[in-house]
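Student: Can you walk me through this one? I'd like the strands and helices, quickly.

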Amino acid sequence: MIDPPTGFVRRQAGDLMLLGVPQQLPALLAAGFDRPWSLVAQPLPGPGTGRGRRGVATLPTGERVFVKQALRGGFLARFNRERFFALRRFARELDVSRAAVDAGCPVVPTQAVALAPASPGWRVWSAAPFEADAQDLARLLHGLEDTTQAREAVDRTLAAVQAMHDGGLYHRDLNLGNILIRQDGSALIIDLDRARFFAGGVPESLRRRARARFLRSWRKLLG
């Protein structure tokens with residue numbers, strides 16, 4: 001069992017366990033979040049799209065939310081790709097997301113998580129606001145030939161990362177696929193499942209680590 005952070009609640013929907021804000025969970029359930037596997041599709045083609053299956057659900061209000069399945073990466077994924085045993089990280093993701101928004105960080109927060117028993121372990125899905133007019137930085141730069149536009153996108157990204165760090169959010173997997181660029185040019189950071197929050201700002205050593213991770217992602221995708 002997992003305890004929700006302050007301000008969030010835990011609900012059961014059959015075997016499924018849900019964590020979210022009380023006012024939002026009924027709408028998410030009405031949109032099918034009690035069957036999250038039915039809302040996601042195969043990974044999208046192209047760079048920067050991540051490992052997991054994903055999809056979009058429409059709430060009764062007409063608002064849309066982005067749903068994705070959490071999958072493991074790295075060496076462990078060879079043996080166990082979609083089952084998790086330590087669940088506190090997902091409650092922490094909700095708490096960190098809310099703290100980042102309250103601190104003014106330019107992020108897309110995780111609003112709810114759904115956990116299904118997998119015998120052993122759990123399969124996990126998350127819900128976040130859907131940014132319909134945005135494109136991840138990897139895909140955007142991959143298709144751009146205008147160097148001025150590319151430089152503007154990168155400048156906006158670096159400004160967003162600076163604001164995120166100043167606000168106190170440390171993103172442990174800062175890469176080109178985890179940056180969204182809106183049509184108005186503003187940048188948002190997504191995928192906060194392993195993020196940490198530091199009141200008063202991120203320590204400089206971790207800022208350097210995040211920037212190095214971003215640079216590795218750039219070299220891998222763009223050379």
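This is a predicted model: local features need pLDDT of at least 70, side-chain atom pairs count only at pLDDT 80 or more; totals for chains, interfaces and linings use all residues.

Student: How do β1 and β2 pair?

Tutor: Antiparallel, over five bridges. β1 covers residues 9–13 and β2 covers residues 16–20.

Student: What sits between β1 and β2?

Tutor: Two residues, making a hairpin. Gly-14 is in the turn, with a positive phi of about 65°. Ala-13 stands opposite Leu-16 of β2.

Student: New topic. What order do the strands take in the open sheet?

Tutor: β7-β9-β10, with antiparallel pairing.

Student: How many bridges join β7 to β9?

Tutor: Two. Asp-136 has Leu-180 in β9 as its bridge partner.

Student: Which helix lies across β9 and β10?

Tutor: α4, residues 147–167. Its angle to β10 is about 45°.

Student: On to α2. Why does its length agree with what a helix should span?

Tutor: Because 15 residues at 1.5 Å a residue should span 21 Å, and the end C-alpha atoms of α2 (residues 88–102) are 21 Å apart.

Student: Which α2 residues are buried?

Tutor: Phe-90, Ala-91, Glu-93, Leu-94, Val-96, Ser-97 and Ala-100. An α-helix has 3.6 residues a turn, so residues three or four places apart point the same way.

Student: And what covers the buried residues of α2?

Tutor: The cover includes β2, β5 (112–117), β6 (122–129), β8 (169–170) and β11 (196–197).

Student: What follows α2?

Tutor: Gly-104, with a positive phi near 85°.

Methods:
Residues are numbered from 1 along each chain as its sequence is written. Side-chain values use heavy atoms; hydrogens and water are left out. Two strands pair if DSSP finds at least two bridges between them. Helices (H or I, at least four residues) and strands (E, at least two) are DSSP runs, numbered from the N terminus. Contact means heavy atoms within 4.5 Å. Axes are lines fitted to C-alpha atoms, for helices over the stretch in contact, and angles run from 0 to 180 degrees between N-to-C directions. The expected span of a helix is 1.5 Å times one less than its number of residues. Buried means under 20% relative accessible area, exposed over 50%, partly exposed in between (1.4 Å probe, protein chains only).
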